[in-house]
Amino acid sequence: MDAGLLQQMLIGALLGLSVSLPLRCGQLSLATPGFFAIGGTVAALLSTRIPAFAGTGATSPLPALLLEMGLGGLLAGLLAWAIGGTVLRLRGIYLAIATIALVEILRVITLNLPFTGGALGIFGIPQPFATASGYAGFTLVLLALVCWLCARLEQLRLGRAMAAIRDDELAAACVGIDTAAVKLNAFVLSALLAGVTGALAAHFLNSWNAKVGSFDASITTLAFVVFGGSRTWLGPVIGGLVLTALPELLRPVGDLRLIVFGLVILLGPVLFPQGLITPQALHGLGHGLLGFGQQLRGYGHQLLERASGPRRP
Amino acid sequence: MSTAPLLEVAGLSCRFGGLVALHEVSLTVREGEIFGLIGPNGAGKTTLFNVISALTPPSSGRVLWRGQAIPHSRPDQLSRLGLARTFQNLRLFDSLSVRDNVLVGLHRFAASPLAAGLLGSATVRRRQRQLEQRALELLALVGLAEEAQLPAASLPYGERRRLEIARALATEPRLLLLDEPAAGMNPAEKNDLCGLIRTIRDHFDLTVMIIEHHVPLMMRLCDRLAVLNFGERIALGSPAAVRHDPRVIEAYLGSAR
C-alpha cells in the first residue's frame, strides 16, 4: 500500500478517536476539526517562522516536531477547557450546532489573521521525515499509544463515569459523579488529541490553510465514529482507517466512487446501528479465538498421545 | 454530638405551574429509623424525594441536613454528604455490566491522578482490586454475586431493583431513599425485600426512607410513617397510630358519608 495513503488513514483514525471521546459520555461535539486546525496552525507557524524549529539540514529536527505537537495539543486543550464549561451546558443537537459554530469561528479567524497566510495558508512547512513511510511509522507508534491509553481509560474511574453519563446522566449525578467535570475532561482530552494530530498533519501535508477545519471535516470525522462504533476504542479507529482509504481505493471505479462511498456511509448505520465494532462483537470474537485455541490444544494432545502410543495398564 | 435530626423537611411546597405537588410539608427523619412515606397515587411522594435529592427545586420551604441548610446543592454534592436513592422507574446503566454499575457507585472512592491511572501504577491497580472486591461484596449482599459479569440490561425486573439498591449502597450513604422498591414484585419477593432492607439498615447503620404502596408491608417494616394526600401531610406517627387515623382511612377508602 502507498505509505502516503496509510499516513492519511492513521490520521483519520486519530481524529476518529478524538470525536469519540465526548461521545463516550453522550456529548455530540463536532469541534474536532477546529482543534485539529489549531494544532496544525501552531506547528506551521513555529516551523516556518522560527529557525530553531525549521532546522538546518534536509529534514527538520524530530524534537521540534514533538514540541510542536505538545504545544498544539496544549493550546487546543486550553481553549477547550476555557469554553467547555459554557458550551457543555448545551445538550444533544444544540451542542452539535454550537461546536459547528466554533469550528466556523476558528476558520474565519485563521482566514483573516495577518500572519496565517489568508486563503492560501502557510507553505513550505519543513519535513521531519524524508519519506511518507517515515511519517507512517511515527504516526503508527502514536496511534498505538493513544489506543492503549483509550483502552486503559475504559477501565478507569473517568471512563466508567463517562459510560454512566451516556447511559443516564441523572442517575450518574445521583451516585456522586460531578457530571459537568467529567464531560469537560472528555472534551479537553478530545481537543488535546485533535491538536496533537493537527501538528503532525501540518508537516505531512507540507501546507496548511483555513479550509482544513471546515464543516465538511466535522461531518467526515463524525462519520468515522458512526460507521465504526463509539462504544469501544477500536470502533473509531476502524472507521477512520476504512473511510479515509475508501475514496482512494475506489478510484478504479471512476466517477461512481463518490456514489459507492455515499452508499457505504448510508448503509453502515442501517446495517450496523451501533457501528461496526460493538463490545458484544469483540466479546464474541474473543470467545471464538479462545475456542479455536482450545481446539488446537485438544488436537495437540491427540497428536502427543498417538506419538507415545496406546497406554497399557 | 449534635441533637439535630438527620433530615428535616420544613414547610416545603412545590408547584408546577398551577399544580400544587407539595403543600407546606414538614417532617423529620431520625438517625437509624426506617421512615415510610405512603399515600394514594399523585400524592406527591416522589416529588418529595426529588426535592430532597436536589433533582427538583422547591417553590418554598427548606430541607435541612443535620440541622444545616444546603443551598445551591447538586445531586452529586448531596451524594458526597451521604444521600443515596433509587428510582421508581429504575435508572440503571444498561450498557455496563452488573459489577460495573456498582463500581460507578464507588466513584467517589476511586479517585486517583489521571496520569497514574492511565499508566496503571501499582497503587492504582491495588486500589482497583479493592474496589472490585467491594463491589462483589455488595452484590453478594443483595444476592447478585453470580450475575456480576452479565450486562445490567439482561437482568429480570426484581434483580434490577436489587442492583439499584447495591449501587446506591456503594456510595456509602447515611440516608437511603427507596422509591417503590417492591413495585412489581410477588408477595414472596416482597417479603425477601423487607428482610433485605432491615439487613442493610443494621449492617450499614443506615437511615432509610421508603415509598411503597403495599400498606401491610409498610406497617411491618417501618418505625414511623408519614401519609401524604394531594400534596399535604395528613398524618405522621407509628404504624399503629397512622392505621387508625380517620384522615388516613378517608384518604384511602373515602369518607363514610
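Mentor: Two strands pair if DSSP finds at least two bridges between them. This model is predicted, so local features need pLDDT of at least 70 and side-chain atom pairs count only at pLDDT 80 or more, while totals for chains, interfaces and linings use all residues. Residues are numbered from 1 along each chain as its sequence is written, and chains are lettered from A and ligands numbered from 1 in the order in which they are written.

Trainee: Which residue is the bridge partner of L225(B) in β10(B)?

Mentor: Strands (E, at least two residues) are DSSP runs, numbered from the N terminus, as are helices (H or I, at least four). Strand β9 (residues 224-229) of chain B pairs with strand β10 (residues 232-237) of chain B in the antiparallel sense, over five bridges. Within that pairing, L225(B) has as its partner G237(B).

Trainee: Are α3(B) and α5(B) roughly parallel or roughly perpendicular?

Mentor: Axes are lines fitted to C-alpha atoms, for helices over the stretch in contact, and angles run from 0 to 180 degrees between N-to-C directions. Helix α3 (residues 98-105) of chain B packs on helix α5 (residues 122-141) of chain B at about 110 degrees, the axes being 9 Å apart. Angles under 35 degrees count as roughly parallel, over 145 as roughly antiparallel, 65 to 115 as roughly perpendicular and the rest as oblique. The two helices, α3(B) and α5(B), are therefore roughly perpendicular.
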